Amino acid sequence: MSVPNSSRIAPWRQTYWDWRAAGNFIFGGTGSGALVYAAVIPGAAPILGPLGAAFVVCGLLCVWFEIGRPWRALNVFSRPRSSWMSREALIAPWLIATGSLAVVPRLAELRVVAGAFALAYVYCQARMLNAARGIPAWRHPRAVPLLVVTGLAEGAGVGVLAGSLSAPAIATASWIAWPLAGLIALRIAAVIAYRHGLDRDGAPQNLLRDLARGAPKRLAVEVGAIVAALAQLAWPRGGNLPIDAAALLAVAAGWSWKYAIVVRWSYNQGFALPLTPVRGVGVSGPGARPGW
Amino acid sequence: MTRYVMVVDLRRCTGCQTCTAACKHANGTPPGVQWRRVLDIESGVFPNVRRTFVPVSCMHCGSPPCLDVCPTGATFKRDDGRVAINYDVCIGCAYCAVACPYQQRFKTQHAQFAYGADPTAPEERQFDPARLGVSTKCTFCSDRIDLARETGQVPGVDPDVTPACVNSCIASALHFGDRDDPQSNVSALLRENRHFRMHEELGTDPGIYYLTDTDG
């Protein structure tokens, strides 16, 4: 099957959401994950609360630089009944406020509230991408758990790194490697399920080709992160290097997955004909679905 | 109820792009933005190959994905089935553009003209700064349809109140009218011909029907 005189029939890569949109998912997911980490790991909130909130603010700034009419940005709050973007925007101020205030010792318990907002925020982000029905890589239902889990894994990575820099005793506690390794393992499972889902349910050839090229490299990084986390468990007195390396790889891999999903693998639906028309005499012909 | 739809007779379309030009002329869209265009799709394997010309534009879906995702309320649905955009409310987030499975949303950040920095006389006349930095798309020539409410003329029958692309079609491949009126031109065409709608499996209830053959 060939496509004459125009490449814009088979699915092509959307260009409306670029690195700035990816930045929102990257920083928003990492910041949310860090706040969830702060909510469950004792002693992490004073640093991770404001740090997580700062990540989320960075993500929102990325979006602000992308929208065409930034001075109307407050209109984003208008449609929470149907739009996941509105819902994300409505949660953001509460998440930022509670996360930032968790630095105050008397308000440390706000970390739990911030963690709850953060979970809601990262879920909104995942659903927001998933609601874009024009992009097969985003609308697949398995994209949702992948985006949530990677946000949590990145947050755990940031939490470990922040703890390592500020309170080595927390970071090197051997059990800290378990949640990090567990979340990375969960992300590997989510990636594999996502890829199988796209293979099974159908996706543009370009997307499947890019996935086949890009996924193994990133999965290798994930495995490296797990090995480093397990090394920390095996030799807990050997210093922070293995767990720090695992955390760094967990963050880098997560950012790489999200950049790829939002920017590189965002092929649109393209056009398709269930039938081709009769010409003169005869009957309708078989359909055409270029690029699928 | 009224549901304005377009019916495209794929048997008749010659791929001349007159509708594309008429749309640009009527709506003053900038270079690179085509609210309407005609795809040229070749399919099959030699010697059984087919070439099909497929006019596409906003499908004015009954269940528009662009409407659900819009965070501002800029995208809305009129009571006659048309999907419209309030340019004064849109923030240009392009969420609708990635939600549309027909690739029929456009965003232009800066003024662009066909021959460099200065607009031609028609471009100057039609230039609308409200369209910069926001989402735009085919409106089914909304000013004409709205005129029908004042004059009592019938869209799809009277040229003054019919979309420019339909008026311009040299092959009578494009038809416009009220699907919910059983006496309308489009209802008759849909009754008498085999038809499909694009990407119907995505649940969008698109408002453009493509005819491929007589029914039975």
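This is a predicted model: local features need pLDDT of at least 70, side-chain atom pairs count only at pLDDT 80 or more; totals for chains, interfaces and linings use all residues.
## Chain A

The C-alpha trace of chain A spans about 80 × 45 × 25 Å along its principal axes.

Of the 292 residues in chain A, 54% count as buried. Among the contacts in chain A with a separation of 6 or more, 75% are accounted for by residues 24 or more positions apart.

## The interface between chain B and chain A

The size of an interface is often given as the accessible area lost when the parts come together. Here chain B and chain A bury about 4600 Å² between them, with 54% of that area on carbon and sulfur atoms. Within the area that chain B buries against chain A, Ile91(B), Tyr95(B) and Val98(B) supply 15%, more than any other three residues. The contact draws 65 residues from chain B and 57 residues from chain A.

Polar interactions also cross this interface: 35 residue pairs are in polar contact between chain B and chain A, counting pairs with both residues at pLDDT 80 or more. Several elements of chain B each supply at least two residues of the side that touches chain A, including strand E2 (36-45), strand E3 (48-57), helix H2 (65-69) and strand E10 (208-214). The largest share, 7 residues, comes from E2(B). By class, the side of chain B that touches chain A has 35 nonpolar, 16 polar and 14 charged residues.

The rule finds 2 salt bridges across the interface of chain B and chain A. A salt bridge joins the side chains of Asp68(B) and Arg133(A), with an N to O distance of 4.0 Å.

Asp178(B) belongs to strand E8 of chain B, which covers residues 174-178. Asp178(B) is buried and yet has no salt bridge, since the nearest side chain of opposite charge, that of Arg179(B), is 6.7 Å away, whereas a salt bridge requires the nitrogen and the carboxyl oxygen to lie within 4 Å.

Leaving aside neighbours within four places in sequence, the contacts of Asp178(B) are Met1(B), Thr2(B), Arg3(B), Tyr4(B), Ser184(B), Val186(B) and Ser187(B).

Terms used:
Residues are numbered from 1 along each chain as its sequence is written. Chains are lettered from A and ligands numbered from 1 in the order in which they are written. Side-chain values use heavy atoms; hydrogens and water are left out. Helices (H or I, at least four residues) and strands (E, at least two) are DSSP runs, numbered from the N terminus. Buried means under 20% relative accessible area, exposed over 50%, partly exposed in between (1.4 Å probe, protein chains only). Lys and Arg count as positive and Asp and Glu as negative; His and the chain ends are not counted. Contact means heavy atoms within 4.5 Å. Buried area is the accessible area (1.4 Å probe) that two parts lose on being put together, summed over both. A polar contact is a pair of N or O atoms within 3.5 Å; within protein, one must be able to donate a hydrogen and the other to accept it, and residues adjacent in sequence count only if both atoms are side-chain atoms. Ala, Val, Leu, Ile, Met, Phe, Trp, Tyr, Cys and Pro count as nonpolar, Asp, Glu, Lys and Arg as charged, and the others, Gly among them, as polar.
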